[in-house]
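Biologist: Could you take a close look at one helix for me? I'd like to hear what surrounds it and who touches whom.

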Amino acid sequence: MSRIETREHAMEFLFQTGFRNDPISEQIDVFREAYPEIAEDDAYFLDIVYGVINSRDELDEKFVPFLKRWKLERLPQTDRIILEIAVYEILTVEDIPTSVSINEAVKLAKKYGTDSSSSYINGVLSNFVKSL
C-alpha cells in the first residue's frame, strides 16, 4: 500500500474517532479488521494517527494564524484533520518533502472536502510553510 493510501486511511480513521468513545487502541483494531491492507504500512499509519491525536492542540496552533477570517471551530472537520496531518508531516516526517505533504493534503481535500476546501487548504499550508 502506498503512503498516499495510508495517509487517506489515517484521515478516515481520525475522522471516525470524533464519533466514537472507545479507546483509540480498540478503534485501531476494528479499523485494521476492516482495512487489512493497512498492515503493509502500519508503522506510518500509527505514526500519523498517534502523532495527530497526541499533538492536536499544538498542530492546530501552528496553522490557526493562517485561517484568514475563519475560526478553528468553523472549519469542516475533514479540512481540520487534513490540515493536522499535513502540518504533522511537515514538522516531523523527514523523508516526505514539504511540497508532497501539501500536494497530498490538497488531493484529500478535493476528494473529501467542500468545493473550496482544496484551494483553502493549499493557501493555509503555503502560508504556514512560508512562516517556518
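Predicted model: local features only at pLDDT ≥ 70, side-chain atom pairs only at ≥ 80, totals over all residues.

Here is a walk along helix α5 and its surroundings.

Modeller: Let's start with the helix pair. Helix α5 covers residues 77–92, and its axis comes within 10 Å of the axis of helix α3, residues 42–54, with a crossing angle of roughly 110 degrees. Angles from 65 to 115 degrees count as roughly perpendicular, so α3 is roughly perpendicular to α5. On the α3 side, the contact is made by Tyr44, Asp47, Ile48, Gly51 and Val52, while α5 brings Glu84, Ile85, Tyr88 and Glu89. Sorted by class, that contact has five nonpolar, one polar and three charged residues.

Next, the core. The largest nonpolar core has 38 residues, and Phe45, Phe63, Leu83 and Leu125 touch the most other members. Helices α1 (3–17), α2 (24–34), α3, α4 (56–63), α5, α6 (98–112) and α7 (117–130) each supply at least two residues of this core, but α5 gives the most, with eight. Take Leu125: leaving aside neighbours within four places in sequence, Leu125 is in contact with Leu83, Ala86, Val87, Ile102 and Ala105.

Finally, there's a charged residue to look at. Arg80 sits in α5. Is Arg80 buried or exposed? Its relative accessible area is 19%, and the cut-off for buried is under 20%, so Arg80 counts as buried. Skipping neighbours within four places in sequence, Arg80 is in contact with Arg56, Asp60, Phe63, Leu72 and Leu75. Phe63 is also one of the core residues that touch the most other members.

How values were computed: Residues numbered from 1 in each chain as written. Heavy atoms only, no water. Axes fitted to C-alpha atoms, helices over the stretch in contact; angles between N-to-C directions. Helix = DSSP H or I, 4+ residues; strand = E, 2+ residues; numbered from the N terminus. Parallel < 35°, antiparallel > 145°, perpendicular 65-115°, else oblique. Contact = heavy atoms within 4.5 Å. Nonpolar A, V, L, I, M, F, W, Y, C, P; charged D, E, K, R; others polar. Core = buried A, V, L, I, M, F, W, Y, C linked by side-chain atoms within 4.5 Å. Buried < 20%, exposed > 50% of the residue type's maximum accessible area, 1.4 Å probe, protein only.
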